[in-house]
Amino acid sequence: MPETFEIKSALDIPAHLVGQVQSKLAYVDEHIAAASISPDGQRIQLELTGKLESAEQQALEAKVQSVVEEMAKGAVLPKVEILEDHLVRPTTFDQDPMPELLSSGEVSEEHTGIFSFGPLLTRLIEVFERQFLALADEFGAKPHRFPTLISAEKLGRVQYFRAFPHSLTFATHLRPDLDVINGFSQHAAYEAPNGLNTAPESFSRIQALLSPAVCYHLYFALADKPLPDGKLVATAVGNCFRYESSNMTTLERMWNFTMREIIFVGPADFVLENRERARQYLEKAFEHLGLAYRVESANDPFFVGEFRRQAAFQNAFQLKYELRAQLPFKNSTLAVGSYNYHQDFFGRNLDITLPDGKPVHTGCVAFGLERMAFAFLAQFGLDPQRWPTPVREAFNE
Amino acid sequence: MSENALFDQVRSTLAEVFDVDSAEINAEAQFGDLPKWDSMGHMDLMLALESAFGVQISAETISQLTSVPAILTHVDGLQNA
């Protein structure tokens, strides 16, 4: 029986922030196994990993209240702009596909947030990949391949550590020292539930991380020089890593996922026009596939200290729109893709310039392939006979 | 408030938020001209303007106030409303 702990929020959490605050509570304290906020934003229910002493409980409550205050106090009510609304499109399934995916062996959970897929999901993902590659062709996007590791130095240059510290995944290795390596090989063991029994000082300082996004690699490759021809369209698919703490429970939030991106670099009007053209192209593609979804204004999941200002800025300047697919089994939606405009943020921070010397603007269209497939299965089930004909035919090709 | 007095107050607010000398801020300054006038700096500026002039800046307006002339026009309009 899990321990639960209810907190009366020091200030009412506005309805538009309930989801955002709730997701951040997973990072407040290692004792929190799950968190939920009442619809009126007044009560916070925490599920704890074990019983806490009174002093620990008070410290936990203080941390929770500070997060609520930091994120909600003086929050600007966002403009909600809906560019497309196809949520009422007919679907044929209303169950959670996850139990069947697990029981059939189509999905296996290697570790929390780490999943392997069988042939059905793999082929379904390829169906969606073909749509995105067709879009990339439409724009004459040049293909790129990027590493799974990403430079700590470069991520620091684009202020990633300040904005998204909570979701980082670090890469390290044993220090190149004979005693350390021999000691590890003789004594290393996984001790559940704590992990490897290796002392932290055996590991090297962090020079690289596991990549949180695909397009950053392109911007890093273009850094510190003028952009040849003044504009560029590129595409790549890659592994991405975002640690989601206790939020990682199903394919909705995976630690390791793959993202396909179409990336635009050039003057502002070039980026904005192409972002819009991509959205219009995909609107037709998703209609053909029968997906039920909505495209609406959104913001990135900035951490607590940066959240209020950065989210308000993104909203005010309409920098991000999410494609949120219907999940009929929970009467909710899941972000499966996004249309992003970064203004000249990467151009300025990485010194990528246009022929006139001004910083480039950038934008991207990004889709999480596993989430796309999961949302599709949540709408149409695992039996291809119940899928929309174009998807079934593409699946069988 | 006279036009000059309003400009002086807006300029001193920008100088304080972006940690520069007032003399570095001209009447045409805009988003991106000063090293700290970026996305985070812009939101700091909006809060500072609200506090300095006792006005409320809406989400709809934040994206329009990206230059000194736009800020002057908007603050003047709110104060005289």
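Start by selecting A:Ala312, which you'll find in helix H10 of chain A; helices here are DSSP runs of H or I with at least four residues, strands are E runs of at least two, and both are numbered from the N terminus. This is a predicted model, where local features need pLDDT of at least 70, side-chain atom pairs count only at pLDDT 80 or more, and totals for chains, interfaces and linings use all residues. Residues are numbered from 1 along each chain as its sequence is written, while chains are lettered from A and ligands numbered from 1 in the order in which they are written.

**Stop 1: around A:Ala312**

Is A:Ala312 buried or exposed? It is buried, because 23 other C-beta atoms lie within 10 Å. The cut-offs are 20 or more other C-beta atoms within 10 Å of a residue's own for buried, 12 or fewer for exposed, and partly exposed in between, with C-beta atoms placed from the backbone.

Now show what A:Ala312 touches. Leaving aside neighbours within four places in sequence, A:Ala312 is in contact with A:Val76, B:Met43, B:Ala59 and B:Ile62; a contact is a pair of residues whose C-beta atoms, placed from the backbone, lie within 7 Å.

**Stop 2: the side facing chain B**

**Stop 3: the eight-stranded sheet**

Switch to cartoon and pick out the open sheet of 8 strands in chain A, ordered S4-S16-S17-S18-S20-S15-S14-S7 with mixed pairing. Two strands count as paired if DSSP finds at least two bridges between them. Strand S4 (82-85) and strand S7 (142-143) of chain A are at the edges with a single partner strand each, so one side of each has no neighbour in the sheet.

S4(A) pairs with strand S16 (residues 293-297) of chain A in the antiparallel sense over 3 bridges, and A:Glu84 has A:Val295 as its bridge partner in S16(A).

Next, select strand S17 (residues 320-327) of chain A, which pairs with S18(A) in the antiparallel sense over 8 bridges. One bridge to click on joins A:Leu327 to A:Ser332 in S18(A). S17(A) and S18(A) form a hairpin with 4 residues between them, and A:Asn331 in the turn has a positive phi of about 45°. Strand S18 (residues 332-341) of chain A is mostly covered, with 7 of its 10 residues buried. S18(A) also pairs with S20(A), antiparallel over 5 bridges; A:Ser338 has A:Ala366 as its bridge partner there.

**Stop 4: the three-stranded sheet**

Over to another open sheet of chain A: 3 strands in the order S1-S3-S2, with antiparallel pairing. Strand S1 (3-8) and strand S2 (32-37) of chain A are the edges, each with a single partner strand, so one side of each lacks a neighbour in the sheet. S1(A) pairs with strand S3 (residues 43-48) of chain A over 6 bridges in the antiparallel sense, and A:Glu6 stands opposite A:Gln45 in S3(A).

**Stop 5: helix H8**

Finish by selecting helix H8 (residues 215-222) of chain A, which is mostly covered: 7 of its 8 residues are buried. Among them are A:Tyr216, A:His217 and A:Phe220. Just after H8(A), check A:Asp224, which takes a positive phi of about 65°.

Key
Two residues are in contact if their C-beta atoms, placed from the backbone, lie within 7 Å.
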